[in-house]
Amino acid sequence: DVELQAMVLMRSIDGLEAAAQGGVDEARVYYTTEDEDRSLLMELRERVKQATPTSSMREFTVPWHDTGISSTTHAEYVREVAAAFVHDMEERIQVGLNKR
């Protein structure tokens with residue numbers, strides 16, 4: 001059962017592309033400007049989305065600032081991802097136990 005066995009946590013960084021294309025060195029470390037690489041990544045993301053049930057996917061967006069992702073924002077993001085992961089796992093475990 002894919003809904004119980006698969007879990008996708010997908011992150012996007014809002015503003016990273018613009019910063020990298022604008023020449024911000026910190027952004028270039030995390031972003032490729034190579035068209036082929038970008039195309040492969042976009043294709044992979046779409047294939048994962050198509051193959052994963054909506055109930056098994058969580059998407060998160062983190063804002064990029066001038067010098068990167070702030071430590072406060074990153075901490076909030078990590079807490080949000082962890083809470084979502086724990087919630088989804090507990091739910092999957094309960095469903096699995098109820099099927100027995």
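Which residue forms a salt bridge with R58, and how far apart are the closest N and O atoms? The partner is D88, and the closest N and O atoms of the two residues are 2.8 Å apart. A salt bridge here is a side-chain nitrogen of Lys or Arg within 4 Å of a carboxyl oxygen of Asp or Glu. The structure is a predicted model, in which local features need pLDDT of at least 70 and side-chain atom pairs count only at pLDDT 80 or more, while totals for chains, interfaces and linings use all residues. Residues are numbered from 1 along each chain as its sequence is written, and side-chain values use heavy atoms, with hydrogens and water left out.

Helices (H or I, at least four residues) and strands (E, at least two) are DSSP runs, numbered from the N terminus. The two partners can also be described by their accessibility, where buried means under 20% relative accessible area, exposed over 50%, and partly exposed in between (1.4 Å probe, protein chains only). D88 is buried, with a relative accessible area of 4%, whereas R58 is partly exposed at 29%.

By the same rule, the count comes to three salt bridges. Side chains of opposite charge can pair when their charged atoms come close. Another of these salt bridges joins the side chains of E59 and K49, at 3.3 Å from N to O. This pair, too, links distant parts of the chain, with E59 in strand 2 and K49 in helix 4, 10 residues apart. E59 counts as partly exposed at 49% relative accessibility, and K49 counts as partly exposed at 29%. R47 forms a salt bridge with E43, and here the closest N and O atoms are 3.9 Å apart. R47 and E43 both belong to helix 4, and because they are four residues apart there, about one helical turn separates them. R47 is exposed, with a relative accessible area of 55%, while E43 is partly exposed at 41%.

Rings of Phe, Tyr and Trp (its six-membered ring) pair if their centres lie within 6.5 Å; planes under 30 degrees apart count as stacked, over 60 as edge-to-face and the rest as tilted. The count by this rule is one aromatic pair. The ring centres of F60 and Y77 are 6.1 Å apart and the ring planes stand at 80 degrees, so the pair is edge-to-face. F60 is in strand 2 (residues 57-63) and Y77 in helix 5 (residues 71-98), so that the pair links distant parts of the chain, 17 residues apart. Both F60 and Y77 are buried.

T73 is found in helix 5 and counts as buried, at 17% relative accessibility. The side chains of T73 and S70 are joined by a polar contact of 2.7 Å. Such a contact is a pair of N or O atoms within 3.5 Å; within protein, one must be able to donate a hydrogen and the other to accept it, and residues adjacent in sequence count only if both atoms are side-chain atoms. T61 lies in strand 2 and is exposed, with a relative accessible area of 59%. The C-alpha atoms of T61 and D14 are separated by 6.4 Å, although the two residues are 47 residues apart along the chain.

Attention now turns to the largest pocket, which has a volume of about 380 Å³. On a 1 Å grid over the protein atoms alone, a pocket is an open set of points where a 1.4 Å probe fits, with protein on both sides within 12 Å along at least five of seven lines; lining residues have an atom within 4 Å of a point. Grid points are joined across faces, edges and corners, and a volume is the space filled by probe spheres set on the points. The largest pocket is lined by 13 residues, and S12, I13, L16, R38 and L41 lie nearest its centre. Strand 1 (8-14), helix 2 (16-21) and helix 4 (35-51) are the elements that give two or more residues to this lining.
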